[in-house]
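Subject: Handing over a structure, with notes

Dear colleague,

I am passing on the structure that we spoke about, and I would be grateful if you could look through it slowly with the notes at hand. Please open it beside this message.

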Number of protein chains: 2
Amino acid sequence: MDRPRKPTLDTVASAVGVSRATVSNAYNRPDQLSAALRERILETAASIGYAGPDPVARSLATRHSAAVGFMLGQQLSAAFSDPAVSIVLDGLASTVDGHDHCLVLMPGNETGGPRPSTVARAAADVVVAYSLPDNAPALDAVRARGLPLVVIDQPVLPDTARVEVDDEGGARMAAAHLRSLGHVRFGVITFGLNPDGYSGIAPPARVSSAVFRVSRDRLAGFLAVTGPDTPVFEVPGSRRDLGRTAARGLLRLSPRPTALLCASDELAFGALQAAGELGLDVPGDVSVVGFDDVPFAQHSNPPLTTVRQLLTEKGRRAGELALRLLDGGRPGEPSRLPVTLVERDSTAPPE
Amino acid sequence: MDRPRKPTLDTVASAVGVSRATVSNAYNRPDQLSAALRERILETAASIGYAGPDPVARSLATRHSAAVGFMLGQQLSAAFSDPAVSIVLDGLASTVDGHDHCLVLMPGNETGGPRPSTVARAAADVVVAYSLPDNAPALDAVRARGLPLVVIDQPVLPDTARVEVDDEGGARMAAAHLRSLGHVRFGVITFGLNPDGYSGIAPPARVSSAVFRVSRDRLAGFLAVTGPDTPVFEVPGSRRDLGRTAARGLLRLSPRPTALLCASDELAFGALQAAGELGLDVPGDVSVVGFDDVPFAQHSNPPLTTVRQLLTEKGRRAGELALRLLDGGRPGEPSRLPVTLVERDSTAPPE
DNA sequence: GAGTGTGACTGAAGCGCTTCAGAACGTCCA
DNA sequence: TGGACGTTCTGAAGCGCTTCAGTCACACTC
């Protein structure tokens with residue numbers, strides 16, 4: 001245990017024979033002292049094993065920590081295995097890192113979002129929230145701490161920066177595409193509407209009380225075109241295996257849907273697999289569309305027709321907004337990203 | 001700008017009419033004061049908008065920050081898009097989160113690893129390093145700060161906890177499997193040997209001077225069986241498209257290799273694709289093996305023969321080691337995880 | 001009634017750093 | 001020669017919290 005006490009600014013100061021302020025300046029304001037002295041200080045510091053000002057103490061004194069927090073609605077596991085999350089996170093990370101900020105991860109739990117105590121303990125100057133349920137306690141915790149907040153894919157919150165995507169419009173485009181191909185019997189596959197782990201056909205009441213904005217909007221877009229009676233299969237996450245389960249459920253219905261609308265590409269990949277396993281040809285027997293246009297969508301078999309959203313850009317914008325808020329900027333207008341339909345080979349007219 | 005000054009412990013203390021120490025105890029040591037007073041304090045705090053002790057100040061006073069740092073050899077983008085990284089990170093994250101610790105991400109850059117200044121500024125009590133090049137400056141920066149360190153897939157470092165996998169043995173198993181099937185003409189696909197972006201056939205000198213332990217060991221395992229003259233195609237990362245490029249390069253050689261040994265599953269998936277595009281049947285015309293056994297390996301076409309390593313467990317162990325070091329534990333023996341060969345359908349005897 | 005606990009609360013000393021208003025000392029020009 | 005100015009360095013006041021050695025009052029025991 002008891003490591004030898006680490007050197008501090010004072011240690012260095014007295015070793016060199018100058019004041020602590022001067023040593024601090026050597027690190028933070030080179031223009032405040034002569035080059036020679038600075039050199040001497042840095043050398044001495046190195047020789048006694050001083051690694052520079054302690055980040056925590058510095059944060060306390062300066063009242064900012066050069067870190068941006070990232071809150072997630074799901075376990076990190078889910079986040080990393082879902083390209084739609086990890087690509088966003090990547091855009092965010094590269095932006096903040098370019099500005100010498102760290103990224104502090106606050107993973108969520110079953111109830112959708114980090115525990116408030118996690119939020120209360122994390123050292124961050126600003127936090128970015130992604131795919132939390134509406135009214136997640138973590139959101140309140142952030143505001144209670146008075147930290148600036150930027151949300152991605154989240155409903156409008158007062159005094160909060162925001163990046164958003166036209167999920168409903170995108171979903172509508174996908175559905176309209178299928179309808180224009182001549183489909184009339186649809187099935188919808190969606191990830192969680194509520195963070196309660198439900199899996200199965202979602203009754204209308206569930207649909208209308210969804211607390212995840214993304215699910216809600218994509219679903220609304222689909223149903224606006226296909227009609228409110230379209231069967232909706234809900235699964236508790238955006239994973240291939242869950243998509244497969246859902247597709248199996250839907251493709252067993254009779255009459256069988258001729259088109260499957262999936263709330264994400266991962267779900268759609270699962271649907272593709274399920275169709276194959278059931279001996280159904282895609283798009284011959286059943287058409288499938290996804291949402292996101294993750295990189296793999298062009299390599300699936302068949303390549304997936306899907307709604308493209310700019311995932312990296314989403315993270316990047318969130319990062320820029322966070323940085324702007326840090327500089328005391330105002331939230332401003334939400335940053336809105338476009339969606340486009342990408343037609344590939346998983347859709348065709350029904351037989 | 002100028003937000004109203006935030007309430008502190010003192011604000012609450014004088015509002016309630018007790019000492020600051022008592023308010024602190026209300027949060028951290030409920031047994032040190034009467035339940036009634038504690039209640040009163042917490043209520044008052046809530047009413048004046050005090051969100052609990054400031055994490056930074058607390059860290060300074062307690063001298064630990066409840067955060068574990070994670071250093072990565074690559075950009076975060078690469079990390080998240082590579083399952084072999086993201087699954088490890090997930091295991092790590094869930095472990096530390098379960099212990100009320102945050103994860104601070106320190107992404108690397110082109111030169112392989114976070115900048116030393118990033119390391120110097122990050123508030124963390126312990127750091128976990130993954131797939132950095134040997135002798136990365138970031139490693140020195142950690143030791144300069146006197147932080148405990150745990151490394152994954154990294155050479156032995158004095159006084160450092162470590163989790164490791166028998167990469168060489170695994171690679172050898174994969175190669176031996178092919179050889180026992182009767183193959184004699186091999187090609188090897190590896191991700192970066194040096195963080196310099198090189199792409200192409202790697203001359204022997206490059207191979208022997210590799211600075212990434214994982215590449216080096218897997219390569220060594222392959223070549224120990226296939227012979228030192230086996231052509232090695234190096235690409236600067238573990239991605240499908242790069243695997244495709246490499247496989248194209250290798251499959252154009254004459255005589256054409258009948259078996260491709262890939263340093264990762266992602267590279268192997270790319271190889272599968274390249275073979276298809278060149279009109280070659282797998283495993284009829286060419287066998288392909290991967291390394292990692294990521295979840296998709298069972299769903300590729302054909303399902304991939306590969307070397308399984310326990311990725312989640314790897315992250316989990318790293319997390320446990322980190323936590324143990326935090327408690328003042330000693331590094332102890334390295335934690336070694338097993339590898340096994342998983343035979344699927346991408347390998348067969350040569351024609 | 002003196003002695004012994006015990007539970008509840010406080011005072012004050014830090015944790016390691018930044019920052020700002022000077023002090024000290026030259027230099028330079030009028 | 002003296003004042004104005006620059007440069008270089010310092011003293012001291014925080015930043016918001018934890019913690020430890022007490023103090024105090026009030027039972028309780030013999």
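Predicted model: local features only at pLDDT ≥ 70, side-chain atom pairs only at ≥ 80, totals over all residues.

Residues are numbered from 1 along each chain as its sequence is written, and chains are lettered from A and ligands numbered from 1 in the order in which they are written.

The contact between the two chains takes 41 residues from chain A and 41 residues from chain B, where two residues are in contact if their C-beta atoms, placed from the backbone, lie within 7 Å. On the side of chain B that touches chain A, the largest share, seven residues, comes from H6(B); helices (H or I, at least four residues) and strands (E, at least two) are DSSP runs, numbered from the N terminus. That side of chain B divides into 22 nonpolar, 13 polar and six charged residues, with Ala, Val, Leu, Ile, Met, Phe, Trp, Tyr, Cys and Pro counted as nonpolar, Asp, Glu, Lys and Arg as charged, and the others, Gly among them, as polar. Strand E2 of chain A (residues 102-106) and E2(B) pair in the antiparallel sense over three bridges, pairing being called when DSSP finds at least two bridges between two strands. In E2(B), B:Leu103 is the bridge partner of A:Leu105.

In helix H8 of chain B (residues 137-144), the buried residues (20 or more other C-beta atoms within 10 Å of their own, C-beta atoms being placed from the backbone) are B:Ala138, B:Leu139, B:Ala141 and B:Val142. Seen down the axis of H8(B), these buried residues fall within an arc of 160°, so they line one face of the helix; the arc is that of the directions from the helix axis to the C-beta atoms. Just after H8(B), B:Gly146 takes a positive phi of about 75°.

H2(B) gives the most to the surface near DNA strand D, with six residues. Around DNA strand C there are 28 residues, of which A:Thr8, A:Leu9, A:Ser24, A:Ala61 and B:Leu33 come nearest, and H2(A) gives the most to that surface, with six residues.

With best wishes

Methods. Buried ≥ 20, exposed ≤ 12 C-beta atoms within 10 Å, placed from the backbone. Near = placed C-beta within 6 Å.
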